[in-house]
Amino acid sequence: MTTALLPEFLQRIRVVLCRTAHPANIGSAARAMKTMGLTRLVLVAPELIHTPMTPRPPTFDPAHAQDFRLPEESFILASGAADVLENARVVATLNQALHDTTLSCALTSRRRELSVPPATPRELAPELLQAASAGQEVALVFGNESYGLSIEESTLCNRLITINGNPDYFSLNLAQAVQVVTYELFSHVDLPLDRLRSTAQPVPRQEIDGLIGHFENVMDDIGFFERRNRERLLRRLRRLFDRADTEREEIDILRGFLKTVQKNTNPR
């Protein structure tokens with residue numbers, strides 16, 4: 001997918017990760033974002049833990065937020081979305097991350113004593129995209145992997161998003177949650193799938209005729225018509241290829257197969 005195909009207003013939607021702990025989750029979230037056409041990432045006071053790949057994680061200093069650098073583990077898990085990480089903003093507070101936004105959505109999966117009712121990503125997507133297309137800044141805010149967003153952080157947002165799921169077991173990884181929310185947004189963009197459709201052209205009629213003739217010759221060679229109706233079988237073959245919109249490469253494959261059958265049936 002090329003950037004030129006994406007609506008420009010997607011650049012007004014940012015993903016905000018608050019106090020993220022696992023370096024891999026930041027990289028995986030960047031990958032999820034870019035897959036859905038979003039590239040603006042904001043990190044709020046990362047609380048990186050040590051992992052086998054990152055035994056000495058960088059420490060975030062609020063006084064020098066702009067100097068924070070993500071470890072290699074994040075870039076490895078980004079898998080082609082390194083540019084999202086390289087251009088990410090790092091700030092000390094959620095207030096800083098949201099200062100210029102019109103709509104900010106806090107992701108929550110817990111019952112909270114908040115005045116704003118929660119909505120699913122699918123329900124909120126049209127409003128968020130309409131705001132972004134009108135020139136407004138939109139933020140999707142995700143909390144720490146272990147304890148999510150605090151009440152104070154949630155109240156800084158004017159929308160609540162919740163991902164509906166199994167009430168007896170609901171456990172989404174942070175990057176998975178980012179993927180679900182951003183996919184629901186992207187599904188409303190209606191980007192055409194023309195880039196994924198085959199560009200091959202159906203073959204001319206005479207090539208189908210030649211293929212059917214080739215089949216007839218091979219069937220004759222192996223005695224296939226001895227107890228079968230030749231005309232009826234050839235009509236069925238033609239119907240099959242007419243329905244299939246057969247392409248040239250497919251003709252070549254079948255021709256090659258038939259030549260091999262003839263060679264093995266009539267060895268010199």
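1. Start with Arg228 and Phe224. The charged end of Arg228 sits over the ring of Phe224, 4.2 Å from the ring centre. A charge counts as over a ring if NZ of Lys or CZ of Arg is within 6 Å of the ring centre and within 35 degrees of the ring normal. This is a predicted model: local features need pLDDT of at least 70, side-chain atom pairs count only at pLDDT 80 or more, and totals for chains, interfaces and linings use all residues. Residues are numbered from 1 along each chain as its sequence is written, and side-chain values use heavy atoms, with hydrogens and water left out.

2. Phe224 also pairs with Phe225. Their ring centres lie 6.3 Å apart and their planes stand at 75 degrees, so the pair is edge-to-face. Rings of Phe, Tyr and Trp (its six-membered ring) pair if their centres lie within 6.5 Å; planes under 30 degrees apart are stacked, over 60 edge-to-face, and the rest tilted. Phe224 is partly exposed at 28% relative accessibility. Phe225, at 10%, is buried. Buried means under 20% relative accessible area, exposed over 50%, and partly exposed in between (1.4 Å probe, protein chains only).

3. The count of aromatic pairs comes to 3. One of them joins Phe215 and Phe241; this pair is tilted, at 6.1 Å centre to centre and 40 degrees between the planes. The pair links distant parts of the chain: Phe215 is in helix α8 (residues 205-221) and Phe241 in helix α9 (residues 230-244), 26 residues apart. Helices (H or I, at least four residues) and strands (E, at least two) are DSSP runs, numbered from the N terminus. Both Phe215 and Phe241 are buried.

4. On a 1 Å grid over the protein atoms alone, a cavity is a set of points where a 1.4 Å probe fits but cannot get out; a pocket is an open set with protein on both sides within 12 Å along at least five of seven lines; lining residues have an atom within 4 Å of a point. The largest cavity holds about 30 Å³. Its lining residues include Cys105, Leu140 and Ile161. Strands β4 (103-107) and β6 (138-142) each give two or more residues to this lining.

5. What volume does the largest pocket have? About 420 Å³. The largest pocket is lined by 21 residues; Leu107, Ser109, Asn144, Glu145 and Leu172 lie nearest its centre.

Key
Points joined across faces, edges and corners; volume = space filled by probe spheres on them.
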